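Biologist: I have a model open and want to learn to read it. Where do we start?

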Amino acid sequence: MFQVLLRPSRWAIEPEKTTFGENGWSNKDMDPVPPHLRTWTTWSYIAYWLSDAANIPAWELAGSMLAVGLSWRQALSCIAAGYCIISVVMVLNGTIGARLHVAFPVLNRSSFGFWFSYFTVVSRIILAMFWFGIQSYNGSQCVYQMIKAIWPSIAGMQNHLPPSASITSSGLLCYFIYWLIQFPFMLLSPQKLRWLFFVKSVIVPITWLAMVIWAFIRVPPSNGLFSGHATITGTQLSWSWLSALNSALGAYASLSVNIPDFTRYAKNEKAQFVQPLIIPIAFILSSFAGIAVTNAGIQLYGEVLWDPLLLIDKWDNRAVAFFAALSFSLATIGTNISANTFCAGIDMTALFPMVTFTNAPFQGCSQNKQYINIRRGQIICAVIGGWAFVPWKILANAQGFLNFMSGCTIFLGPFAGIMVTDFWLVHRGKVDVPAMYDPNGRYRYIGGFNWRAVLAMLVTVGPTFPGLINSVSPAVNVGYTIRLFDIAWMYGFVVASTVYYVTSVLFPARETFVRNLILADDTTLDHVRDGNSPIDTSDGKGDDAKVHGEAL
């Protein structure tokens with residue numbers, strides 16, 4: 001029986017008709033979205049961001065800033081600046097997806113090179129797995145509070161795990177229960193996810209508003225929130241604020257890179273133009289809720305309860321605690337599925353879109369088989385991210401959480417900068433979508449690597465990497481390079497963009513330039529290979545490599 005299960009053919013997915021799947025480098029999940037599936041409207045994106053802003057990490061980020069010594073005004077200004085910046089990047093990369101209708105793993109081939117783009121894809125998968133684990137652990141705390149509200153005896157459950165585990169036996173039980181509860185939601189399609197976002201965007205904000213009202217009633221703002229001051233001063237305050245800003249950027253730096261995975265479903269480009277407006281508003285409001293309630297917790301309980309579930313644990317009203325925890329669990333499920341498992345699933349389909357093998361008994365007939373689709377990718381993410389990455393270790397303390405948020409940015413800032421610069425400044429929106437599916441096409445560069453992107457990554461990640469090591473192992477002294485880590489996203493985005501643009505202007509990859517945007521609807525891959533494109537052709541000789549097809 002086990003031999004049958006281990007056979008590759010046992011796990012092969014029935015081939016579906018695709019636009020670019022004949023050459024083995026695409027499948028239905030990676031193909032450009034056809035017109036009938038482009039269903040997301042402006043209201044879809046408003047509902048998405050309203051629901052996504054109502055998540056526990058957004059609350060924890062604001063509360064953890066108070067825990068490291070910032071005042072509520074400094075924390076809120078930091079959050080406002082961070083989300084305003086990231087929203088601009090979000091719409092710039094989002095417009096690319098809405099215009100080309102392709103996913104992030106495919107789109108990146110035009111700027112990073114066909115093979116080097118896989119580095120960005122793998123990095124994104126790893127981050128999605130980490131975030132899945134963090135959100136799942138937050139969800140498990142919700143389950144604990146709901147069970148405790150019904151059966152308070154769980155609080156006295158004997159713990160068989162050592163303190164070094166950073167989790168108790170009851171916590172691990174609740175984590176497993178929550179992991180099972182959210183599993184079926186991974187089976188929902190992107191179109192059906194819109195309704196989950198809508199329900200979440202209605203229920204969760206109402207609960208958060210009720211908690212803010214509770215905080216202001218129990219601790220009037222004049223005596224609590226508005227009277228609070230920073231507990232740090234001078235240089236330490238300045239760098240703490242910048243580090244917190246970097247953490248705010250890191251919260252959605254990952255999604256700012258792969259936002260095309262969602263905007264490719266837009267009815268038109270204008271549908272997602274609302275993002276720079278709705279993102280700052282939604283996250284400032286949700287962060288203010290976190291700050292207000294955390295500050296009330298300081299006054300009432302004498303602790304900085306930056307995790308809202310720790311605050312709920314203090315409540316005596318079991319019914320209120322149950323429904324508050326239920327609301328947070330819904331918020332976590334929506335964010336975890338949309339921003340983590342779904343995106344990881346898309347990225348995994350790009351790693352092995354099709355496996356081509358030769359079946360000897362049938363005279364060497366080559367066949368393309370697909371083994372990973374979005375759904376299977378989500379399951380892989382749930383297993384590895386949910387268990388192998390032990391998320392409860394990351395959330396053990398506020399500073400560790402902020403370090404993790406900052407650590408995410410050392411790669412994501414350069415990724416976003418290169419993507420924005422390549423499409424909008426270097427190629428000015430004129431790219432060849434069919435060529436993105438051809439490993440030997442115009443985006444091959446040198447051996448599948450765009451050396452300009454490689455150089456931009458080296459000069460940005462190299463200086464910030466020691467700071468990442470120090471954040472993981474504080475005993476390692478890295479000197480003043482820790483300061484670059486504190487502003488890793490900003491440094492990475494600006495420097496990578498500058499290096500990439502300068503090298504692309506001085507040493508242009510001429511074979512990648514086209515006179516007009518070529519969409520999937522305009523031509524097929526074979527049509528481009530034959531040189532029968534709607535614009536003039538040349539011999540395909542560029543500065544980097546010889547490719548077939550038209551070049552400017």
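Modeller: Start with contacts. This is a predicted model. Among contacts in the protein with a separation of 6 or more, 84% join residues 24 or more positions apart.

Biologist: How many helices and strands does the protein have?

Modeller: Count 24 helices and 2 strands.

Biologist: What share of the residues is buried?

Modeller: Of the 552 residues in the protein, 57% are buried. Now the surface.

Biologist: How do I read a nonpolar core?

Modeller: Look for buried nonpolar residues joined through side-chain atoms within 4.5 Å. Here the largest such core has 142 residues. Trp-49, Met-65, Tyr-83, Leu-100, Leu-255 and Ile-291 have the most contacts inside it. Helix H16, residues 318-351, gives this core its largest share, 14 residues. There is also a second, separate core of 5 residues, including Ala-165, Ile-167, Tyr-175 and Trp-392.

Biologist: Which residues does Trp-49 touch, beyond those up to four places away in sequence?

Modeller: Trp-49 touches Met-90, Tyr-252, Leu-255, Ile-259, Gln-275, Ile-278, Ile-279, Ala-282 and Phe-283.

Biologist: Where does Gln-141 lie, and what is it in contact with?

Modeller: Gln-141 lies in helix H8, which spans residues 117-150. Leave aside neighbours within four places in sequence, and Gln-141 is in contact with Asp-307, Leu-309 and Leu-310.

Conventions
Residues are numbered from 1 along each chain as its sequence is written. This is a predicted model: local features need pLDDT of at least 70, side-chain atom pairs count only at pLDDT 80 or more; totals for chains, interfaces and linings use all residues. Side-chain values use heavy atoms; hydrogens and water are left out. Helices (H or I, at least four residues) and strands (E, at least two) are DSSP runs, numbered from the N terminus. Contact means heavy atoms within 4.5 Å. Buried means under 20% relative accessible area, exposed over 50%, partly exposed in between (1.4 Å probe, protein chains only).
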